[in-house]
Amino acid sequence: MNITIEISKTLKAYAQAIDESLKIQTGQHVGFCLVVFTPDRAQYVSNCDRQEVAAALRELLARWEQGMP
């Protein structure tokens, strides 16, 4: 079994479940990105545009580099 392929088959279902759960909890759209690491590569799924995810990840990394939690 190739873990990367198997996970990629289910990422969309994970995203739908996360999106629905966040909407129920908050009553509104909340953007998210799920990153999964496999031996072959990292994969992601999100309910946002790729550009939004890239910007959010850059902001997160910059905060980490500044020692912020």
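Helices (H or I, at least four residues) and strands (E, at least two) are DSSP runs, numbered from the N terminus. On that basis, the chain holds two helices and two strands, and these follow the pattern α-β-β-α along the sequence. The radius of gyration, taken over C-alpha atoms, is 14 Å, well over the 11 Å that the globule rule gives for 69 residues, so the chain is more spread out than a compact globule. The globule rule itself is 2.2 Å times the number of residues to the power 0.38.

The model is predicted: local features need pLDDT of at least 70, side-chain atom pairs count only at pLDDT 80 or more, and totals for chains, interfaces and linings use all residues. Residues are numbered from 1 along each chain as its sequence is written, and side-chain values use heavy atoms, with hydrogens and water left out.

**Overall dimensions and surface**

- Taken along the principal axes, the C-alpha atoms of the chain fill a box of roughly 40 × 30 × 20 Å.
- The accessible surface of the chain, from the Shrake-Rupley method with a 1.4 Å probe, comes to about 5500 Å², and 56% of this belongs to carbon and sulfur atoms.
- Of the 69 residues in the chain, 16% are buried; buried means under 20% relative accessible area, exposed over 50%, and partly exposed in between (1.4 Å probe, protein chains only).
- Among contacts (heavy atoms within 4.5 Å) between residues at least 6 apart in sequence, 33% join residues at least 24 apart.

**The nonpolar core**

- A nonpolar core is a set of buried Ala, Val, Leu, Ile, Met, Phe, Trp, Tyr and Cys residues joined through side-chain atoms within 4.5 Å.
- The largest such core has six residues, namely Leu11, Ala15, Leu22, Phe32, Val36 and Val45.
- Helix H1 (residues 3–26) supplies the largest share of this core, with three residues.
- Not counting residues up to four places away in sequence, Ala15 touches Phe32 and Val45.

**Asp19 in helix H1**

- Asp19 belongs to helix H1 and counts as buried because its relative accessibility is 15%.
- Apart from neighbours within four places in sequence, Asp19 is in contact with His29, Val30, Phe32 and Asn47.

- Gln28 has its place in the loop between H1 and strand S1 (33–37).
- With a relative accessibility of 51%, Gln28 counts as exposed.
- Leu22 and Lys23 are touched by Gln28 when residues up to four places away in sequence are not counted.

**Asp40 and Asn2**

- Asp40 is located in the loop between S1 and strand S2 (42–46), and its relative accessible area of 55% makes it exposed.
- Leaving aside neighbours within four places in sequence, the contacts of Asp40 are with Asn2 and Thr4.
- The C-alpha atoms of Asp40 and Ala15 are separated by 21 Å, and the two residues are 25 residues apart along the chain.
- Asn2 is found in the segment before H1 and is partly exposed, with a relative accessible area of 33%.
- Asn2 and Thr38 are 36 residues apart in sequence, while their C-alpha atoms are 9.6 Å apart in space.
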